[in-house]
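Subject: A structure to look through

Hello,

Please keep the model open while you read.

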Amino acid sequence: MSRDTSETGTIYLVGAGPGHPGLITRLGHQLLQDCDAVVYDDLAPYELVAELPPNIVRYYVGKRAGRHSQPQKETNSLLISLAEKGLNVVRLKGGDPFIFGRGGEEVTRLKEAGVPFRIVPGVTAVTAVAAGAGIPLTDRRDAAWLLMATGHEAASASLPVPWEEIAALRGGTVVIYMGVGALPEIVKRLISGGAAPDTHAAVVVSGYTGAQRIVTAELADLPRSCAEQDVQPPALVILGDVVKRMDGVGWMQPGVLAGRRILITRPYEASAEICGILRKYGAEPLPLPTIEIRPFEDVPGWDGFERSSGRHGWIVFTSRAGVQHFLDGLSRRGHDLRSLHDLEIAAVGPGTAGALWERGLKAGLVPTVATVERLAEELTAEKNLRGAVVVRVRGDLSDDTIEKAVASKGAGIVRLTVYRTMTPEWEPHWVENVKEYPPDYITFTSGSTVDGFVKILGRGEALSVAARSKVVSIGPVTTKVIEDYGMEVAAEAALHTQEGVVKAILLLGRPVTPV
Ligand code: SAH
């Protein structure tokens, strides 16, 4: 897209869907990948923002610790000033921008300011919630109309909702957005307007997510049931005969990790998979990387690699990032997998071996314990390395264990440092958020993710946050780094992979069976 500053950029008001990152439209997703900047708040699923390429600038306009969302006026000014700089901006909004989303107010201001805009619809909460809860909103046996109302009109200075008139209507479905706070008042007004006290009613909390919960009651009892079950937003109220159709149709069961917030510290490009798995269990992944991997291009090692072509030997990988950046570098230099023909392949553990396998390469040596020391031992144990070449693919933080071990056996070494590890900055609201509401679990998948966590939060805060959550480590090497900082490890993965980390979390959550 254009970054021509002489031209005003376009603002895309994009509906992100209500809570599950898969519910954005293809068009909305494409615009996100292509924009220059994104302006988002708490209602849009954070994974959609976290996965964006690092060159896209993010602006958070949601709630900050201790204060409400940024006033609408400031958001409007931000959008206008970004467009005036020539940037194409996605204004990402939860659900649909034009359903209780203030999208209308935003475009009115944009129009006044002469800023071009486009609007991309989204799945609004009620359609996703009904799908997740199994409530056919307009089942023709029960409902001939669907009415959507806000329960928040007083606070949002909108027109009053005529609850008494709505109460007099029959044969349809009433849906109330933002209705939790004022529920007792709304129910009172509906009943006084003539709604039957035994009207079928449901409140769906965090619909279409693994944390979905449904409270059903007769209308008159709904406020009490919600109070008893501690219903908190986001929740949607659904009233009408269609609610009774839910029986047997409600298919979305809360997962075993329902509502648990799990911090994922590895780089986003390597964490999409674990986020997806955790969501299936109902957890809310927080992809906040504490390390960032950047490729080193044209490192001197490549010439050595090319010169050693045809010599027998080994190529050794100790990380997923190594696999990716080595293979990317290989094709950048015009080679393909055949150039590895004379090399046997070693990988430090199942995660690295899996990354190789995904790219069409099978590791012949994977030690049973995933440490470089063990890899070095097994590599040097029986293999005749005299005169062989060992291509060591690594990052800037890797140590020399492998190099020293194979050199002592007479191998020639080609060192390829294909990536470097950096500490990213967290947006300030994430720092505040994590300090104030520590996640239920923090996952560390390498020593460098632990170092990054401590660097970003500062040692004191890092220790305090870790003490209030459960720290899960991928394996013994990472565990040592965590413990050296003085943090406690609640669980260590038996299998040193992302799946192993998920399993360790599941085991932690399981109630202890008495023996
Ligand atoms: N523009 C959004 C609505 C914003 S108002 C849309 O089209 O969906 C926010 C309200 O939406 C919440 O108070 C709640 O009533 C509802 N909501 C959003 N996501 C929800 C979810 N996953 N489950 C239940 N209600 C949800």
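In what follows, two residues are in contact if they have heavy atoms within 4.5 Å, and the model itself is a predicted one.

The buried residues, among them Val126, Val129 and Gly132, pack against the strands β6 (146-150), β7 (173-177), β8 (200-205), β9 (213-218) and β10 (235-239). Just after α5 comes Gly134, which takes a positive phi of about 75°.

Next, there is an open sheet of five strands, which pair in the parallel sense and follow the order β3-β2-β4-β1-β5. Because β3 (57-60) and β5 (117-120) stand at the edges with a single partner strand each, one side of each is left without a neighbour in the sheet. Within this sheet, β1 (residues 11-15) and β4 (residues 89-93) are joined in parallel over five bridges, and Leu13 has Arg91 of β4 as its bridge partner.

Lastly, please look at helices α16 (residues 447-457) and α18 (residues 476-484), whose axes come within 8 Å and cross at roughly 25°; because angles under 35 degrees count as roughly parallel, the two helices are described as roughly parallel to each other. Their crossing is right-handed, and the contact is made by Gly447, Val450 and Asp451 of α16 together with Thr478, Val481 and Ile482 of α18.

Best wishes

Definitions and conventions: Residues are numbered from 1 along each chain as its sequence is written. This is a predicted model: local features need pLDDT of at least 70, side-chain atom pairs count only at pLDDT 80 or more; totals for chains, interfaces and linings use all residues. Side-chain values use heavy atoms; hydrogens and water are left out. Two strands pair if DSSP finds at least two bridges between them. Helices (H or I, at least four residues) and strands (E, at least two) are DSSP runs, numbered from the N terminus. Buried means under 20% relative accessible area, exposed over 50%, partly exposed in between (1.4 Å probe, protein chains only). Axes are lines fitted to C-alpha atoms, for helices over the stretch in contact, and angles run from 0 to 180 degrees between N-to-C directions. Angles under 35 degrees count as roughly parallel, over 145 as roughly antiparallel, 65 to 115 as roughly perpendicular and the rest as oblique. A crossing is left-handed if the near helix is turned anticlockwise from the far one by less than a right angle, and right-handed if clockwise.
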